[in-house]
Amino acid sequence: MEAEAIMLILIIALAIIAFSVFFTFVPVMLWISALAAGVRVPIFTLVGMRFRRVIPARVINPLVKARKAGLDLSINQLESHYLAGGNVDRVVNALIAAHRANIDLSFERCAAIDLAGRDVLEAVQMSVNPKVIETPYIAGVAMDGIEVKAKARITVRANIDRLVGGAGEDTVIARVGEGIVSTIGSSELHKEVLENPDKISTTVLEKGLDAGTAFEILSIDIADVDIGKNIGAELQTDQAEADKKIAQAKAEERRAMAVAKEQEMRARVEEMRAKVTEAEAEVPLAMAEALRSGKLGVMDYYNLQNIMADTDMRQSIGRVTEQDDDTDKTGREK
């Protein structure tokens, strides 16, 4: 009796384990839920998803949602998109939103947009409800040199056909900023921009800035216009300061050249004086040679000395007379 009881307990335990493994591996409750919703899914298809490492709920629940919304989608389409790394639930939500808004959007197109890394549901919602992109203050300089700052609000709608490969919001903001700068720069006076800010939006819209982007620009509205710096005056001031520094540098260069020339002349004067001193030093030698050779007598030498002494005396008297004259002139001036 004890052996039969143990055997019965083992059989019951094995049965419980078998049922647990079966219900864990085979999503019976998910199959029943889909069947109750009117979506017939073979039980072996769910088992095959387990073998393909696909979470059945990630495919069956969006499929039920799509069938209830009136979309004709198959399990293979959703499963293939899941295996490709896409978000099945987001794609189905986007398809339902597009279907409700009467937007022609196929599953293949929607899956491609999702795999490209864009939020396809947000794109569909933006197609129905346009988005407003606000730019920072964009500065431009008019022809009169006054800086003008403008802030714009861009109303855009998603272009589903260009979501794959189309540029994003940053490109739209950059192109609008370029258009604002060029419009302000082409204005002769900054007052024209202040009086007619709609001129900026009109000019920018005519350029077709949404080409190659994932958006369609509906309108560009100038939210605020402000006056900045007087760039023309600052440039002229900087230019004048630069010219001043250049002139000072050239003047300093001429002064340095003059100082160098003066030093050169002084060196040449000293050189000439040295030559004169050298020549004067040769005079006694020449006189001695003349005395030895008899070309110059003793009396001639004495007469020469007397003449030199007389000349020195006359020069001394002349210097004293000049000093006295200067003294008298100074006294009279006083």
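# A guided tour of the predicted model

Arginine 255 is partly exposed, with a relative accessible area of 48%. Select this residue to begin, and bear in mind throughout that the structure is a predicted model.

**Stop 1: the helix around arginine 255.** Glutamate 252 and arginine 255 form a salt bridge, and their closest N and O atoms are 2.7 Å apart. Both residues belong to helix α12, which covers residues 231–293; because they are three residues apart there, about one helical turn separates them. Glutamate 252 is partly exposed, at a relative accessible area of 42%.

Now extend the selection to residues 232–289. The UniProt record, an unreviewed entry, annotates this stretch as "coiled-coil region".

Stop 2: Select arginine 90 and aspartate 114. Their side chains meet in a salt bridge with an N to O distance of 2.9 Å. Arginine 90 sits in helix α6 (residues 88–100) and aspartate 114 in helix α7 (residues 107–115), so this pair ties together parts that are 24 residues apart in sequence. Are the two partners buried or exposed? Arginine 90 is partly exposed, with a relative accessible area of 27%. Aspartate 114, by contrast, is buried, with a value of 6%. A residue counts as buried under 20% relative accessible area, which is why aspartate 114 falls into that class.

**Stop 3: a salt bridge between two strands.** Select glutamate 134 and lysine 151, whose side chains form a salt bridge at 3.6 Å, N to O. This pair links distant parts of the chain: glutamate 134 is in strand β1 (residues 131–134) and lysine 151 is in strand β3 (residues 146–158), 17 residues apart. Glutamate 134 counts as partly exposed, at 42% relative accessibility. In the model as a whole, the count comes to 12 salt bridges.

**Stop 4: the nonpolar core.** Select Ile60, Leu73, Leu78, Leu95, Ile154 and Ile180. These are the residues with the most contacts inside the largest nonpolar core, which has 56 residues. The largest share of this core, seven residues, comes from α6. To examine one member in detail, centre the view on leucine 78. Leaving aside neighbours within four places in sequence, leucine 78 is in contact with Val59, Pro62, Leu63, Leu73, Val88, Val92 and Phe107.

Stop 5: Turn next to Ile6, Met7, Leu10 and Ile11. Together they make a nonpolar surface patch of about 400 Å². Methionine 7 is placed in helix α1, which covers residues 2–25. This methionine 7 is partly exposed, with a relative accessible area of 48%.

**Stop 6: arginine 50 and proline 27.** Finally, select arginine 50, which is found in helix α3 (residues 43–51). Arginine 50 is partly exposed, with a relative accessible area of 34%. How far apart are arginine 50 and proline 27 in sequence and in space? They are separated by 23 residues in sequence and by 9.2 Å in space, C-alpha to C-alpha.

Methods. Residues numbered from 1 in each chain as written. Predicted model: local features only at pLDDT ≥ 70, side-chain atom pairs only at ≥ 80, totals over all residues. Heavy atoms only, no water. Salt bridge = Lys/Arg side-chain N within 4 Å of Asp/Glu carboxyl O. Helix = DSSP H or I, 4+ residues; strand = E, 2+ residues; numbered from the N terminus. Buried < 20%, exposed > 50% of the residue type's maximum accessible area, 1.4 Å probe, protein only. Patch = residues over 30% accessible without salt bridge, like charges linked within 9 Å, V, L, I, M, F, W, Y side chains within 5 Å. Areas by Shrake-Rupley, 256 points an atom, 1.4 Å probe, with all protein chains shown as cover. Core = buried A, V, L, I, M, F, W, Y, C linked by side-chain atoms within 4.5 Å. Contact = heavy atoms within 4.5 Å. UniProt positions renumbered as here; feature names shortened; annotations may be inferred.
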